[in-house]
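Let's take a walk through this one together, a pair of helices at a time and then out to the domains. Have the sequence and the 3D view open as you read.

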Amino acid sequence: MVQTLAHTIHDGQANEDSSGLICMGLSKSYWGVPVLKGVDITLRPGTVIGLIGENGAGKSTTSSIIAGIVEANGGSMTIDGVPYEPTRPSDALKNGVALIHQEIRMVPELSVAENIFIGRLPRRRGVIDRNRINDEAREYLELVGSQTDPRRPVAGLSIAAQQEIEIARALSREPKYIIFDEPSASLGQSETQHVFAQIAALRQRGVGIVYISHRLEEIKEVADTIVCLRDGALVGNWPASEITKEEMVKAMVGRDFVFSHRAPQPATGEVALSVTGLSKAGVFAGIDFDVHRGEIFGFAGLVGAGRTEVVRTIAGADQADAGEIKVHGEVVQIRNPRSGIDAGIAMVPEDRKGQGLNLDRTGAENITLPWEKELSSAGIITKKKVTSTANKLRDFLDIRGRLDIPVGSLSGGNQQKVLLAKWLVNEPKVLILDEPTRGVDVGAKMTIYETIRALAETGVGVIVVSSELEEVLGLSHRVLVMSGGLQRAILDRADATPEAVMALALSNVPKESPLESPIDGEAEYQTTIRTQEN
Amino acid sequence: MAIIDRNVTPPRPDSSSAHDEVAPASAGSVNTNRFRRIMSQIPGPLIGLIVIFVALSFLSPYFLTPRNLLNILSQVSAVGVMSVGALLIILLGGIDLSVGSVLALSSMSMAAMYKMAGWPFEVALLAGLIVGALVGLINGILTAYGKLQPFIATLATMSAAAGLALFITNGNPITGFPDWFIAITATSILGVPIEGVILVAIFAIAAFWLKFRPSGRALYAIGGNEEVARLSGLPVRRAKILVYTIAGLLAAVAGLLVTSRLDSAQPTAGAADLLNVIAVVVIGGASLSGGSGSLLGTFVGLLIIGVLNNGMSLLNVSANLQPVVIGAVIAAAVLTDRKSSRRHT
């Protein structure tokens with residue numbers, strides 16, 4: 001399809017076939033790491049493309065480039081044959097391209113109408129022409145079937161109602177192309193159907209739509225063609241009617257799993273960490289698992305499934321509402337990060353810059369930060385002690401770069417090693433790693449994997465949370481899969497195929513149910529999985 | 001320590017492969033970085049101090065006499081004591097607007113308990129210090145547990161403390177204190193006035209705490225990134241409460257020094273000190289966004305303010321113009337500071 005298109009352009013008969021929004025060879029790298037590698041997408045007027053892919057496959061980058069939020073490093077775009085080079089979102093809007101964000105961005109104190117027309121509020125004698133915006137807003141709201149009064153403030157409206165306003169806002173720009181970035185992530189079944197009705201109506205009016213979603217069932221329902229990205233490259237382009245959900249999953253994860261970082265099965269049956277009935281209202285519920293000494297235990301699931309929230313609670317960064325945590329068989333009360341550390345639970349958080357490291361301080365100071373009391377004698381800690389402690393770990397972790405300069409001037413990989421070193425000053429009983437290789441180059445990644453494995457071999461119970469399926473499956477002895485705040489299954493290494501994990505992670509959560517009645521749903525789910533696999 | 005001592009070495013991937021190195025920094029630029037960092041920490045203000053010092057030595061024959069220099073130390077003692085507390089709070093990323101009011105309130109409380117309630121002077125003096133610490137404690141609780149922005153919390157206590165100080169005597173000063181108390185600010189040890197000794201001692205103790213004690217070093221971590229500090233197990237709220245309480249206590253100490261010097265407790269004393277205190281800390285190179293600053297820098301900032309004020313008085317610069325000069329110095333200090341300390345990203 002793309003090739004034929006290229007041909008027609010070269011042949012100079014672009015008139016017919018260049019209609020629509022055409023992206024050719026879009027690429028983008030961040031700090032030298034390519035996240036998008038030459039993606040071609042052709043969006044014709046009046047069609048819907050369903051865009052699928054794993055976390056980090058490049059879906060959001062693609063939509064951000066099309067919507068002018070980020071600039072591509074390579075490639076070109078045309079609209080109806082005219083070059084289209086947006087450098088900021090307003091350029092995109094001028095060209096009739098609108099993006100509906102995954103997260104709803106509203107100013108709660110302003111009225112619905114003001115939110116729809118924010119940034120271009122019409123004025124009459126110097127003040128906002130309220131009658132006009134209210135009337136016009138009402139038209140667009142009716143277009144999306146919303147009954148919301150445009151004069152009321154957004155604060156207090158349901159998420160679904162806000163989603164309608166978001167769509168109305170996009171429509172008020174009279175766009176010719178709309179990108180929906182996971183609009184249904186926050187919607188229930190009936191609301192999603194409503195959004196689909198909107199999309200069908202828009203298509204009728206000749207609007208071209210890109211619909212991004214993790215819910216494969218619904219994407220089949222709404223899209224004409226399905227485009228799949230993996231590792232920043234386009235790996236599939238099918239008519240929606242000709243592809244099954246299983247094939248989609250396979251295309252999303254289908255890579256060669258050459259991975260040699262699995263530690264041998266743990267020798268001991270001793271339990272390092274035991275979690276029972278851990279729940280936090282509205283966030284996650286009914287989390288039960290054991291991690292053995294020497295075991296690497298993976299947490300898989302989509303972003304937003306509740307994985308990070310669960311491990312943060314175990315480490316004491318957040319508070320649980322219910323549940324029991326045992327470390328080496330003893331019940332521990334974890335009220336804050338300090339009590340977690342004292343119980344032997346260390347956590348390498350997912351956000352290195354916001355939660356892990358103080359970038360203006362030196363690497364050595366960062367490493368010893370949690371341990372200054374332990375490292376001081378007679379209440380005094382010296383620079384010498386800090387430096388020598390850090391240097392020992394530098395060798396252990398193969399940190400390349402100086403530890404006496406601000407850690408922010410090290411590369412991402414070395415920063416991550418410093419962060420890991422910080423939690424190895426005292427050997428933890430349980431080590432939690434949340435996205436341990438995010439923003440890290442391949443070489444440092446390997447060192448981190450080897451270190452994780454070496455730590456497990458010394459008897460540490462390790463939890464690895466990762467959005468990279470390859471990473472979590474490659475490292476772990478067992479994998480817990482979450483979706484919608486619930487534990488879907490714990491899979492043994494043999495059963496934890498990418499397809500099985502992805503299917504569980506994508507499992508549709510009925511919006512109303514999960515956190516109220518977790519037990520039934522969960523039991524049911526686990527049974528189905530068993531039968532499926534047998 | 002177990003992992004290190006056990007000598008477990010994880011197998012290494014081929015290290016000849018393109019491995020990541022220090023991103024932008026070679027050895028040469030590391031040295032420049034460090035040089036810049038040191039430059040931005042202390043010597044920037046220090047150079048300014050030396051320039052002002054030399055200039056004033058030429059401009060006024062009286063400036064460079066030992067008596068005048070010791071006089072400067074006395075003049076800055078109250079502001080100096082408060083600026084120690086202010087630096088600690090600013091390191092945490094906070095601010096304390098209440099110092100001047102707390103100075104007045106503790107001074108008036110002490111005087112009232114001694115002269116009006118008839119308590120023994122030593123007890124009244126202790127009570128004055130406790131009042132200051134209590135207001136600081138309230139600031140700490142409001143910010144740490146009440147989650148009020150420090151600006152707002154201390155704005156509230158500033159107003160309340162100023163009002164209470166006036167309320168005690170309906171705005172009248174209280175005079176007549178024991179001779180030994182007056183003597184604190186009128187005596188010298190080996191030529192150095194006692195208040196100067198107190199000032200330097202407080203700076204030294206606080207500097208030791210910040211440099212060598214884990215709880216003091218924690219202030220840098222908390223001010224640098226509170227969430228990182230919290231997840232590292234540091235007691236963030238306890239540190240905030242402690243530091244605000246210390247700042248309140250130091251404001252009370254400053255109040256006693258002022259009372260001793262004037263032999264009078266004034267309900268409006270210290271009202272003009274707040275801006276000086278913050279100016280000292282800022283000129284000394286601390287960042288109001290927290291996490292960076294040093295007591296050495298603060299001390300230099302204090303001397304700059306003290307020397308400038310003293311010199312301008314000697315040169316008969318109008319008292320109304322002096323704040324204009326101070327304002328210019330603040331702007332200049334922060335502008336040069338920001339230029340020399342580029343953020344690493």
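At what angle do the axes of helix α5 (residues 99–116) of chain B and helix α13 (residues 273–283) of chain B cross? Keep in mind that this is a predicted model. The axes of the two helices cross at roughly 130° and come within 7 Å. If you want to find the meeting place, look for V99(B), G100(B) and L103(B) on α5(B), which meet D273(B), L274(B) and V277(B) on α13(B). Sorted by class, the contact of α5(B) with α13(B) holds four nonpolar residues, one polar and one charged.

Helix α4 (residues 66–91) of chain B packs with helix α12 (residues 236–262) of chain B at an angle of about 175°, and their axes are 8 Å apart. Angles over 145 degrees count as roughly antiparallel, so that is the label for α4(B) and α12(B). On the α4(B) side, the residues making the contact include A78(B), V81(B), G85(B) and L88(B). From α12(B), look for V243(B), Y244(B), A247(B) and L250(B), among others. This contact of α4(B) with α12(B) divides into 17 nonpolar residues, two polar and no charged.

Over to chain A, which has 21 helices and 22 strands. Of its 534 residues, 49% are buried. Among chain A contacts between residues at least 6 apart in sequence, 69% join residues at least 24 apart.

How is chain A divided into domains? The domain assignment gives domain 1 (2–253), domain 2 (257–344 + 428–534) and domain 3 (352–427).

Finally, a hairpin. Strand β13 (residues 271–280) of chain A runs antiparallel to strand β14 (residues 284–292) of chain A, and six bridges join them. To get your bearings, find S274(A), which stands opposite D290(A) in β14(A). Three residues lie between the strands of this hairpin, and G282(A) takes a positive phi near 80°.

Methods
Residues are numbered from 1 along each chain as its sequence is written. Chains are lettered from A and ligands numbered from 1 in the order in which they are written. This is a predicted model: local features need pLDDT of at least 70, side-chain atom pairs count only at pLDDT 80 or more; totals for chains, interfaces and linings use all residues. Axes are lines fitted to C-alpha atoms, for helices over the stretch in contact, and angles run from 0 to 180 degrees between N-to-C directions. Helices (H or I, at least four residues) and strands (E, at least two) are DSSP runs, numbered from the N terminus. Two residues are in contact if their C-beta atoms, placed from the backbone, lie within 7 Å. Ala, Val, Leu, Ile, Met, Phe, Trp, Tyr, Cys and Pro count as nonpolar, Asp, Glu, Lys and Arg as charged, and the others, Gly among them, as polar. Domain bounds come from an automatic or database domain assignment. Two strands pair if DSSP finds at least two bridges between them. Angles under 35 degrees count as roughly parallel, over 145 as roughly antiparallel, 65 to 115 as roughly perpendicular and the rest as oblique. A residue is buried if 20 or more other C-beta atoms lie within 10 Å of its own, exposed if 12 or fewer, and partly exposed in between; C-beta atoms are placed from the backbone.
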